[in-house]
Amino acid sequence: MHHLLSFLALFFFGLTCRAVTIAGSDDDSCSTLKETFADDFLVGAAIDYGELRDTTSALHQLIRREFSALVCENSMKADHTEPQEGRFNFAGGDAVVDYAQRNGQVVTGHCLVWHSQCPAWMFGPDSTGHPVDRELLIRRMRNHIYGVCSHYRGKVKGWDVVNEAIEGDGSWRKSEYYRILGDEFIPLAFQFAHEADPDAELYYNDYGLDSPRKREAVVRLIRSLKARGLRIDAVGMQSHLSLWTNLDEYERSIEAFAAEGVNVMATELDVSVLPWPGEMPNADISTSFEYQERYNPYRDGLPEDVLAQQGDFYRRLFAIYRRHAAAITRVTFWGVHDGTSWLNNFPIRGRTNYSLLFGRNLLRKPFVEDIIRDAADASKAQK
Ligand code: G3I
């Protein structure tokens, strides 16, 4: 009898929460993600122009209801903010900042120095045709960081100052920044960001940080920045995970970074359910039935068992975040719902992935209620 009552209670609770999300009402009758973790960490999402132009009010109500933090998926990257040297464009980033301010959400900046989505002029010759050298690149980096950070001063809580500078084996990525400046470009970037906005938190952000060698390299980096007296507030673990990620290693990395005295954030969380292609033939998979079957198997919907696997994975992940809530300041998803996730187009274009907590219909996946209930149970147990 007890089980039946619990089941009915949960069933109706689930229905109400789902209905609230469908209708996009601001009814507070069930807990939201941001409320559930309000005492632990911010819960964020990456959004961009696309979402802002979307006129479905249900989407906006979902963003407002569930998330306490926002980050631009693309608009604050260097190719957007300084497409030509010295000509800044803040239109996309400003729109997201205005939107977040209206909704009482915290904005973080992504990102100042990254080898990708970096405009070609950064490494090109100067106006007299002189090829870029150390001095010119430092000047350009400083101007870019000063321009962007001072524009967003007081509007963003912190910056991903350097993104993805380390390879999987723990060595420095041989980017153009590295080729010209060596690893010196990293402390310089942190120094310039702090000079431009002394109040902003500063983060090192990277993917694959569950790998022990990358973890060790990040620990070395934190130590070397601190040894130079530079500010570093947190490590951003991008957290592009999959059902096959080793969560024990992931947790060890959180512990290792926290032990260095910095905060930890999951900055780009998603959990892919699709197979990672090994050797891909140089062919468009959309034209090959065999490859569609193998690499894009859930075009018509996610099977219940895979959904359950994803639910278990996310619950274990949030249990880890709760365990380390003293060090974790933000958990941000890389997108709002499955339909607009970058993972539909990476590493293969045009797949149907299901990596986030909200489906294409903007509904919470059923396991979101479990994540919320786990958190409520844990906090009751502590009292
Ligand atoms: O805006 C153009 C559009 O005009 C054009 O029609 C279309 C055709 O492909 O491209 C659009 O630009 C795309 C842009 O996303 C906006 O959708 C770019 O091609 C595409 O390369 C770009 O991808 C972004 C990617 O970074 C680029 O490196 C993804 O949206 C974005 O989610 C992704 O985010 C990165 C983080 O910044 C760092 N960590 C990894 C993460 C995932 O790759």
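The dialogue below takes up the pocket and then the aromatic rings of this predicted model.

Q: How much space lies in the largest pocket?
A: Rolling a probe the size of a water molecule over the atoms shows where empty space is left. Here the largest pocket holds about 690 Å³ of space. It is lined by 31 residues, and Tyr207, His240, Trp342, Leu343 and Phe346 are the closest to its centre.

Q: What kind of aromatic pair do Phe318 and Tyr321 form?
A: A pair of aromatic rings is described by the distance of the centres and the angle of the planes. For Phe318 and Tyr321 these are 5.3 Å and 85 degrees, an edge-to-face pair. The two residues are three apart in helix 13 (residues 304–323), so about one helical turn separates them. Both Phe318 and Tyr321 are buried.

Q: Why is the pair of Phe318 and Phe333 classed as stacked?
A: Their ring planes lie at 15 degrees, with the centres 6.3 Å apart, so the pair counts as stacked. This pair links distant parts of the chain, since Phe318 belongs to helix 13 and Phe333, 15 residues away, to strand 9 (residues 328–333). Phe318 and Phe333 are both buried.

Q: Which residue lies over the face of Tyr207?
A: Lys214 does, at 3.9 Å from the ring centre.

Methods. Residues numbered from 1 in each chain as written. Predicted model: local features only at pLDDT ≥ 70, side-chain atom pairs only at ≥ 80, totals over all residues. Heavy atoms only, no water. 1 Å grid on protein atoms, 1.4 Å probe; cavity = no way out; pocket = protein on both sides within 12 Å on 5 of 7 lines; lining within 4 Å. Points joined across faces, edges and corners; volume = space filled by probe spheres on them. Phe/Tyr/Trp six-rings, centres within 6.5 Å; stacked < 30°, edge-to-face > 60°. Helix = DSSP H or I, 4+ residues; strand = E, 2+ residues; numbered from the N terminus. Buried < 20%, exposed > 50% of the residue type's maximum accessible area, 1.4 Å probe, protein only. Lys NZ or Arg CZ within 6 Å of the ring centre and 35° of its normal.
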